[in-house]
Each structure stands twice: as C-alpha cells, then as structure tokens.
Amino acid sequence: MSAADIPANGEVASPARAKRASAVTYISWTALALMTTSSVASLRAAPTMAVYGLACVFLYLLPAVVFLLPTSLVSAELASGWQGGVYNWVSEGISKPMGFLAVWCQFAMTIFYYPSLLGFVASTLAYVFNPDLASSGPYTAVVIVVVYWSGVFISSRGTKGIAGLASGGLIIGTLIPGAILVTLGIVFLGQGHPSAAPMTSSHLLPAWAGLSSLVLIVNNFLSYSGMEMNAVHVSSLRKPGKEFPRAMWLAMGLVLAIFILPALAISWIVPAEELSLTAGVMQAFDAVFANFGWQWMTPILGIMLVAASLGGMLTWLAGPSKGLLLISRQEGYLPPFLQRLNAHGVQQNILVAQGIVTTVIALGYALIPDVSSAYWIFSVITTQVYLIMYLLMFVAAVRLRRQAPDHPRGYRAPWLVGMCVIGFASSMAALLIGFVPSSQFGGGSTGLYILIVGGGALGLGLLVPFLFYRFRKPSWKLAENSEEVPS
C-alpha cells in the first residue's frame with residue numbers, strides 16, 4: 001500500500017532510459033524477501049497476541065496459511081500481468097467503480113491506522129518520561145494529534161529520503177529490540193523464574209469461551225496486510241515462477257519469527273491480566289531490565305521503537321493518498337479541491353482533510369476510559385476497511401483468470417481459484433468476527449462496540465466512497481496534461 005503500487009505518471013520511457021532501467025531492475029529473491037519482511041513485520045502487535053501465551057503460535061500460523069499465503073501468491077500473479085496496482089486489477093476484473101472502492105479502502109484504512117499506530121507510539125514514549133502516562137487517554141490523544149500533524153507538515157514539504165527511514169526501521173526498531181527481548185526472556189527463564197503464561201502442550205490452542213475467545217485473531221489479518229505492495233516487484237525477478245515462491249516462503253518464515261518469538265517472550269514476563277495492548281512491549285522490556293538491574297535501558301529501547309514507528313508513518317503517509325489522487329484525476333472521483341497539489345507537488349489538501357478526521361478519531365482515546373479498548377477498536381476498524389479491498393482483489397483474480405486466461409503473466413499462481421476461495425472466505429470470516437467484542441474491550445456495552453465498529457468500517461469503507469461516486473461531476477475529471485494550481 002504505497003506509491004510503488006501506482007505509476008507515478010503517464011509518461012512513456014525513452015528507449016535509452018528503458019535500456020538503462022532494464023540493466024538495473026533485476027533483484028534477488030532474497031532481497032525481495034527482506035523487502036517484504038520490512039514492510040510487514042513489526043513488534044507493535046506482539047502484546048495483542050501475548051495475551052494468549054503459547055496459543056499465539058497457532059493464532060499466527062492460521063492466518064498465515066489462510067490469508068498471508070493466498071494474498072502473496074494471488075497478488076503476485078495480478079502484479080505480473082496488470083500494472084497500476086489494485087485499482088487496475090479490480091477495474092479490469094470487476095469494474096471501474098469497484099476499482100475505486102478498492103483503492104479508496106487502501107486509503108481509508110490509514111485514517112484509523114494512524115491513531116492505533118500513534119497510540120502505540122504514545123504509550124512507548126511514556127516509558128521514556130513517565131510510565132504512568134501510558135494509560136492516560138488525554139495524553140495519548142495529544143501525542144497522536146501533535147505527531148500526526150508534524151508528519152503532515154514534513155510530508156507536505158516534499159522531503160526526500162523518507163523511505164530510508166522505514167528500511168532502517170526494520171533493524172533499529174524491530175530486529176534489534178526483538179532479539180534483545182527474546183534473548184533476555186530466555187535468560188529470564190533460565191534463571192529459574194516461572195513463565196507468566198503456561199507453556200505446556202495443553203495450552204497450544206486458545207481456550208474456547210465462545211466467539212470472543214478467537215476475536216483477537218482478526219488483528220493478525222492487519223499484521224499480514226500489505227503484501228500486495230511487494231507483489232509489484234515480481235517482474236523484477238529473473239525467474240519469477242521459481243524465485244517469487246522462494247521469496248514468499250522465506251519472508252513468511254522471517255515474519256512469523258518476528259511476530260511469534262517476541263510475543264512469547266512478553267507472555268513469559270508479563271501476566272496477561274496486567275498486559276496493555278499499547279504498552280505491552282515496553283512493559284516486558286521494563287520488567288526484564290528490572291530483573292537484571294538495567295532499567296536505564298528502557299528509555300533507549302523506547303526511543304528506538306518510536307523512531308522506527310515514526311519512520312514507517314512518514315513513509316505510509318503520502319503513499320495511499322497519492323494513489324487515490326492519481327486515480328481521481330484520471331476518472332474524476334474526488335472534487336477538484338482535493339485533487340490540487342501544493343508548491344512541492346504534494347497532495348496537501350487530501351492530507352489535511354485526512355488529518356481533520358484523524359484528529360476527531362484521536363479524541364476517542366480521551367473519551368474512552370480504557371486506552372487498550374480504544375486501541376483495539378481502532379485496530380479492528382482498520383482491519384475491516386482493508387479487508388473490503390482484499391475481498392474485491394480475490395474476486396477480480398478469479399474473473400481475470402477465467403476471462404483472460406491467455407493474458408501475459410510473468411507468474412501464474414498455483415491453484416489460484418482455490419486460494420482465492422480460501423482467501424475470500426477467511427477475509428469475510430475475519431470481517432464478521434470483528435463485530436464480536438473481544439475481552440480486550442474491557443466489558444463495555446456490546447451495542448456501543450458494534451455501533452462504533454460498524455459505523456467506522458461500513459461508513460468510511462462503503463458509504464463515503466459511494467457518495468463521492470454518486471455525486472461526482474464531469475468537471476472533477478482533470479486532463480492528464482493539465483497544469484496544477486498550488487492550493
């Protein structure tokens with residue numbers, strides 16, 4: 001879900017430029033695997049699954065098989081045959097209105113993604129100054145607003161090199177802290193301390209207490225989302241048919257290791273009933289450092305995690321909105337005001353409009369007493385909106401395989417129809433399960449939970465794009481070669 005998904009312009013490369021590009025476009029399958037790992041893996045979801053202890057292994061493996069694998073291979077076939085990202089895939093396979101819905105959902109999910117991401121940033125940052133602030137809703141809301149608008153200002157200036165922050169974030173904010181957490185967790189157990197969560201074979205599966213006992217698995221679909229972004233690189237492999245599956249299997253192994261091992265380490269150290277979904281990583285670091293007398297390291301690790309998250313936010317901030325902008329200019333889906341660029345060529349008006357909604361959502365942290373409940377609700381809404389796009393992608397893939405079987409493809413996914421059925425069914429199940437309150441909701445009103453999640457996911461994911469499409473005007477469509485007037 002980035003600008004890499006969408007062609008930057010409509011220009012045709014010159015023969016000389018194409019020749020130069022062809023000499024440098026090939027990448028190794030291991031490089032693609034690492035790129036995929038860096039865009040998907042994060043420690044942010046670890047506290048969510050640590051609640052389940054040893055059962056988190058199952059809860060990570062299941063969505064990897066029924067969602068991560070189908071998404072990776074299906075999007076690879078689509079990317080190798082149709083350029084332009086998910087909009088073109090769905091437009092060709094279903095219709096242009098559905099293509100707009102798909103690219104809108106890619107953009108709209110970020111409106112709820114940023115409050116949940118920055119909620120994690122706020123609670124992590126609290127451990128640098130005052131850990132008690134991690135459970136403060138007003139403090140969390142203020143951090144979200146200040147950091148988000150700072151990111152908008154930086155992005156609107158057209159700052160170069162932002163993408164490098166995210167690539168470095170894999171090492172600085174994920175691999176190093178994750179390795180430290182797992183290593184010290186093992187030492188913690190080796191010193192004779194009992195695990196906070198049972199580690200016996202009888203706890204391999206989550207205890208069944210109705211649908212709510214499995215609701216947390218929904219968050220893992222969001223953890224694995226974004227694979228369609230990396231599928232656009234399938235044509236950069238020398239032997240896509242052989243190398244892309246290798247890259248995906250290696251990436252899956254790395255992603256699972258990054259997700260599962262830190263979650264287990266947290267479950268060893270922090271009891272589930274004391275675990276915060278936003279501050280759980282820092283709780284674990286603080287607890288294990290206290291055991292070794294190294295609590296002075298807690299703020300350092302906090303700064304590393306915050307830096308990586310902020311780098312990722314800046315990288316994601318302009319990508320989805322840029323894709324929506326380009327499609328809207330071609331087809332006239334958004335009003336001209338939202339299509340204007342500033343003096344730096346950045347879609348500032350879209351970012352500001354998105355920021356206004358994000359600010360309103362951030363107030364939820366101040367209004368909902370339990371910060372973990374707010375974090376969970378926003379994470380579920382983010383997942384719901386994104387899953388709509390995946391449902392459309394799986395349908396489009398089946399239709400394109402049947403309607404255009406001879407269309408050139410650099411990679412053909414094995415058992416595509418079956419994988420699309422599995423992917424569609426699991427995505428739909430996750431979407432529906434998301435309406436069931438989890439134990440992390442803090443015992444609040446079920447009706448209120450459904451109203452918030454349903455209103456957020458269905459309203460923003462379906463109603464808003466329908467209104468844009470229904471009331472669009474011919475004047476909204478900008479000529480491809482028109483001059484942009486800075487807003």
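Predicted model: local features only at pLDDT ≥ 70, side-chain atom pairs only at ≥ 80, totals over all residues.
Modeller: Local features here need pLDDT of at least 70 and side-chain atom pairs count only at pLDDT 80 or more, while totals for chains, interfaces and linings use all residues. Residues are numbered from 1 along each chain as its sequence is written, and side-chain values use heavy atoms, with hydrogens and water left out.

Biologist: What makes the contact of Arg 401 with Glu 77 a salt bridge?

Modeller: The term requires a side-chain nitrogen of Lys or Arg within 4 Å of a carboxyl oxygen of Asp or Glu; the closest N and O atoms of Arg 401 and Glu 77 are 2.6 Å apart, so the pair meets the definition.

Biologist: Why is this pair said to tie together parts that are 324 residues apart in sequence?

Modeller: Because Arg 401 lies in helix α16 (residues 371–403) and Glu 77 in helix α4 (residues 56–81), where helices are DSSP runs of H or I with at least four residues, numbered from the N terminus.

Biologist: What makes Glu 331 and Lys 96 a salt bridge, and why is Glu 331 called partly exposed?

Modeller: Their side chains meet at 3.2 Å, N to O, which lies within the 4 Å limit. Glu 331 has 22% relative accessibility, and partly exposed is the range between buried (under 20% relative accessible area) and exposed (over 50%), with a 1.4 Å probe and protein chains only, so Glu 331 counts as partly exposed.

Biologist: Why is Lys 96 described in terms of relative accessible area as partly exposed?

Modeller: Lys 96 has a relative accessible area of 43%, so the partly exposed label applies to Lys 96.

Conventions:
Helix = DSSP H or I, 4+ residues; strand = E, 2+ residues; numbered from the N terminus.
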